[in-house]
Amino acid sequence: MNLILLGPPGAGKGTQAKILEEQHGFKQLSTGDMLRAAVTAGTAQGLRAKTIMDRGDLVSDDVIIAIVDERLSKPDVSKGVVFDGFPRTPAQADALDKMLAARGQKLDAVIEIKVDDEALVKRIVGRFTCAKCGQGYHSEFAKPKKTGICDVCGSTEFTRRVDDTEKTVRDRLQVYNKQTAPLVAYYHGQGNLHVIDGMADIADVTREVEAVISRVKA
Ligand code: AMP
């Protein structure tokens, strides 16, 4: 099954994508994570992308489509993919339809996670992750049980994304509303769109996502 989680930064796409990976064996395909890995590895592509990402702008469609195309050619995506942070423009959406069709596949559902803009700013500015295992936390809503120690792996090192500042978040929201929000109408037109409330607790959002998956499978 191929799903898109569509929503602004901080809507909880990554959190839900990881849960779906565990529950269903789908692969999370996060273009943001792939770009950050390229930045950390210091590749030429990563270095070019870094300045754009730090500003909160979008990396060019050509670069993004090429990395997704390469990722979809790996064998571990056979059970399905949860697209997280992709597509972000109409050109990317069109390219995805073509990449799936070329592999004899299709999109099964697009789940739009709706969240209020001000709540997003609060969520993003407070979030951080364990530097060792990647467990996500929030300085207000989801602190580690023992201050400074990861609940999952015991590490004492945490990281914050450089683009998670209030200014960049507001810029990223503007970019989302201008360039990515038009995809809602595109997928509605395809009959693939399912809208869920992203303001609820993580577990409630997961239940809504699962309900969509069951409906699509039926
Ligand atoms: P994310 O982790 O999805 O919030 O992405 C972080 C940053 O990576 C974005 O602000 C963009 O600069 C870049 N990026 C990630 N995915 C895409 C995409 N599909 N198209 C263009 N830029 C992207």
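## Helices α1 and α9

Welcome to the fold. Helix α1 passes helix α9 in a right-handed crossing (the near helix is turned clockwise from the far one by less than a right angle; helices are DSSP runs of H or I with at least four residues, strands runs of E with at least two). This is a predicted model, where local features need pLDDT of at least 70 and side-chain atom pairs 80 or more, while totals for chains, interfaces and linings use all residues. Residues are numbered from 1 along each chain as its sequence is written, and side-chain values use heavy atoms, without hydrogens or water.

Helix α1 covers residues 13-24 and helix α9 residues 202-217; their axes come within 11 Å and cross at roughly 55 degrees (lines fitted to C-alpha atoms over the stretch in contact, with angles from 0 to 180 degrees between N-to-C directions). The two helices are therefore oblique to each other.

## Helices α4 and α5

A second pair to look at is helix α4, residues 61-72, with helix α5: their axes come within 10 Å and cross at roughly 25 degrees. That makes α4 roughly parallel to α5 (under 35 degrees; over 145 is roughly antiparallel, 65 to 115 roughly perpendicular, the rest oblique). Here too, α4 passes α5 in a right-handed crossing.

## A cis peptide bond

Do check the backbone at F86 and P87, which are joined by a cis peptide bond with omega at about -5 degrees. P87 sits in the loop that runs between strand β3 (81-84) and helix α5 (90-102).

## Around the ligand

The ligand is surrounded by 16 residues, the closest being T31, R36, D57, R88 and Q92 (a heavy atom within 4 Å). Helix α2, residues 31-41, gives the most to this shell, with four residues. Sorted by class, the shell holds six nonpolar, four polar and six charged residues (Gly counts as polar; Asp, Glu, Lys and Arg as charged).

Now for the polar contacts (N or O pairs within 3.5 Å). An oxygen atom of the ligand is 2.9 Å from an N or O atom in the R36 side chain. A ligand nitrogen is 3.1 Å from a polar backbone atom of V59, and a ligand nitrogen is 2.9 Å from an N or O atom in the side chain of Q92. Taken alone, the ligand exposes 480 Å², and the protein buries 97% of that (Shrake-Rupley areas, 1.4 Å probe).

Technical notes:
A polar contact is a pair of N or O atoms within 3.5 Å; within protein, one must be able to donate a hydrogen and the other to accept it, and residues adjacent in sequence count only if both atoms are side-chain atoms.
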